[in-house]
Amino acid sequence: MPPTVAVVVAVLAYAVLPEGLLVGPRFAIPAIELALLGVLLVTNPRRMVRQTQWSRAASIALACVVIATNLLALGMLVRTLTSSKAQGTSLLLAGMQVWLTNVIGFGLLFWEIDRGGPVARHTLARERLAPADWRFSQDENQDAVREVATGSSARSNWRPAFIDYLYVSLTNSSAFSPTDTMPLTGRAKALMGLEATAALLTSLLVVARAVGAMGSGG
C-alpha cells in the first residue's frame, strides 16, 4: 500500500466514525489531513526525490494528526462503554476503524522518522544516513544461506520502504510487541509502546464489550 493511499484510508476511516467519537465537525480533521497531504504532493509528487525542511515537517505533522485524533477517538469510544445505550454493532465497527487507523498512523510515523526519513534513506549513501531507529531482519542476515543473504542490507544495499514500516506497525498492533523488527532508540520504543497499548485497549476492552453486547442482544 503506497503511503498516499494509506493516508486516504485513514481519512475515510475517521470520517465515517459515529458522531460521538469525532473531534469537532465531522469533516474538520479529514480536511486538515487532506490539506497536509496536498501540500506534500505538490512539493514532492514522487516523494523519494527531494524534500525541504517544510515538507518534512508537514509529513511528520500529518502522521501525528492521524495518531492524535485517533487516540482521542479511542478515548471517547472507551467512554461510551459506560453508556447503557451503547450498541454492540456500532462499537465493534468503530473499534475496527480505530484499530486500522492506529496501524496506518504509526506506520506513517515510523516511515517518516527512521534513518532521516524516506528521501534520505533512498538518496544518501549508507555512511551519511542518520542512526537507525529500527533493526530489520535484512540488516543482520548477511551471514545466512546464500539465497537469504542475497537480499541483505550489506549485500544488496536494501533500504526499508513504506510497506516494511506498515508491517512493523501491523505486527506490533497484533502481537502487542516487536516481532522480527527491533526498536533501537528510546523514541522508537516509546512509539511502539504507545501503539501497542492503544491496540491492546481497543482489542480487550472495546471489541470485547461490543461482542458481549451483541451476544446479549443489546
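**Exercise 1.** Is Phe176 buried, partly exposed or exposed?

*Solution.* This is a predicted model, so the values below are computed from it. Start with the number: Phe176 has a relative accessible area of 31%. Next, recall the cut-offs: buried is under 20%, and exposed is over 50%. Phe176 is therefore partly exposed. Now find its place: Phe176 sits in the loop between H8 and strand S2 (182-183). Finally, look at its partners. Phe176, Leu200, Leu201, Leu204 and Leu205 make a nonpolar surface patch of about 390 Å².

**Exercise 2.** Classify the ring pair of Phe110 and Trp134, then say which parts of the chain the pair links.

*Solution.* A pair of aromatic rings is described by the distance of the centres and the angle of the planes. The structure holds 6 aromatic pairs. For Phe110 and Trp134, the centres are 4.6 Å apart and the planes are at 45°. Stacked needs under 30 degrees, and edge-to-face needs over 60. The pair of Phe110 and Trp134 is tilted.

**Exercise 3.** Why is the pair of Trp134 and Tyr165 edge-to-face?

*Solution.* Take the distance: the ring centres of Trp134 and Tyr165 are 6.3 Å apart. That distance counts as a pair because the limit is within 6.5 Å. Take the angle: the planes are at 75°, so the pair is edge-to-face. Now locate the partners. Trp134 lies in strand S1, and Tyr165 lies in helix H8 (residues 162-175). The pair therefore ties together parts that are 31 residues apart in sequence. Tyr165 is buried, at 0% relative accessibility. Step back to the group: Phe106, Phe110, Trp134, Phe136, Trp158 and Tyr165 form one aromatic cluster.

**Exercise 4.** What span should helix H1 (residues 3-15) have?

*Solution.* Count the residues: H1 has 13. At 1.5 Å a residue, H1 should span 18 Å. The end C-alpha atoms are 18 Å apart, which agrees. The buried residues of H1 include Val7, Val11 and Tyr14.

Key: Residues are numbered from 1 along each chain as its sequence is written. This is a predicted model: local features need pLDDT of at least 70, side-chain atom pairs count only at pLDDT 80 or more; totals for chains, interfaces and linings use all residues. Side-chain values use heavy atoms; hydrogens and water are left out. Helices (H or I, at least four residues) and strands (E, at least two) are DSSP runs, numbered from the N terminus. Buried means under 20% relative accessible area, exposed over 50%, partly exposed in between (1.4 Å probe, protein chains only). Patches are made of residues with over 30% relative accessible area and no salt bridge: like charges are joined within 9 Å, nonpolar side chains (Val, Leu, Ile, Met, Phe, Trp, Tyr) within 5 Å. Accessible areas come from the Shrake-Rupley method with a 1.4 Å probe; for residues, only the protein chains shown count as cover. A salt bridge is a side-chain nitrogen of Lys or Arg within 4 Å of a carboxyl oxygen of Asp or Glu. The expected span of a helix is 1.5 Å times one less than its number of residues.
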